[in-house]
Amino acid sequence: MQKLARSIDTNQLGLHQNLQKVVEKYLNTQTQKPLSAHSKAAFMASQEWLNGWQGELIFDSCCGVGESTSLIAQAHPNAKVIGIDKSAVRIDKHHSYAIDTGNYLLVRADLNDFWRLAVLEKWMLTKHFILYPNPYPKSAQLQNRWYASSALPNILKLGGLLEVRSNWSLYIEEFAAALKIAKLHAQIQPYTSDKAMTPFERKYWHSGQSSWQLIANL
């Protein structure tokens, strides 16, 4: 018997009716939320590790256990790669995926804070990976999605080639729509590969789900 693919549990069938209003609000406001102490400490540790680095800089945001971070570092030996995730539990599991390339660092931080601090320090990325973030698929959760939150302006200011992947095609479509509101163009397409880059990607493919990809030059 053929295994049925799992599906996203959502009550939202198309682009959210409030997407444009929410995105425009965040593009025209600046968050005043206090920065968390652990995120500031993680950013300072990242600064020390970079030690004035002026070359290519890549973020692997929502890196989880950091499998993708190590693979990105392998694929970009001339760059410095920083993997960031909010979960200490996931970061602590990185030893199972570690590769001694010497050009990547994993830190635990609130991405809202880490991105803000990077923008304040005028960091500019060459690439920015956001692979399988929590899609918050319920309609009421719109403003928990990165592209419909106060984090969007900082994602844009960090620049670079943005690559987002999700197993929910609507997440990718809405991210592209949000970038269009910011007058930026994104390409979206199905994503396949012989090798998964993250445990989530591996799990989704194993359960018969597809991956979708957004690429945008910020």
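Residues are numbered from 1 along each chain as its sequence is written, and side-chain values use heavy atoms, with hydrogens and water left out. Because the model is predicted, local features need pLDDT of at least 70 and side-chain atom pairs count only at pLDDT 80 or more, while totals for chains, interfaces and linings use all residues.

**View 1. Helix α1 packs with helix α7.** Helix α1 (residues 19–27) and helix α7 (residues 169–181) have axes 10 Å apart and meet at an angle of about 50°, and they are therefore oblique to each other (angles under 35 degrees count as roughly parallel, over 145 as roughly antiparallel, 65 to 115 as roughly perpendicular and the rest as oblique). On the α1 side the contact (heavy atoms within 4.5 Å) is made by Leu19, Gln20, Val23, Glu24 and Leu27, and on the α7 side by Glu174, Ala177, Ala178 and Ile181. By class, the contact of α1 with α7 has six nonpolar, one polar and two charged residues.

**View 2. Helix α2 packs with α5.** The axes of helix α2 (residues 37–50) and α5 lie 9 Å apart, at an angle of about 45°, and the two are therefore oblique to each other. From α2, the residues Ser39, Lys40, Ala42, Phe43 and Ser46 meet Asp113, Phe114, Leu117 and Ala118 in α5. The residues of this contact of α2 with α5 divide into five nonpolar, two polar and two charged.

**View 3. The largest pocket holds about 910 Å³ of space.** A pocket is, on a 1 Å grid over the protein atoms alone, an open set of points where a 1.4 Å probe fits, with protein on both sides within 12 Å along at least five of seven lines, and its lining residues have an atom within 4 Å of a point. Of the 37 residues that line the largest pocket, Arg90, Tyr132, Pro133, Asn134 and Pro135 are the closest to its centre. The elements that give two or more residues to this lining are α5 (111–120) and α8 (199–206), and the largest share, four residues, comes from α8. By class, the lining has 16 nonpolar, twelve polar and nine charged residues.

Technical notes
Axes fitted to C-alpha atoms, helices over the stretch in contact; angles between N-to-C directions. Nonpolar A, V, L, I, M, F, W, Y, C, P; charged D, E, K, R; others polar. Points joined across faces, edges and corners; volume = space filled by probe spheres on them.
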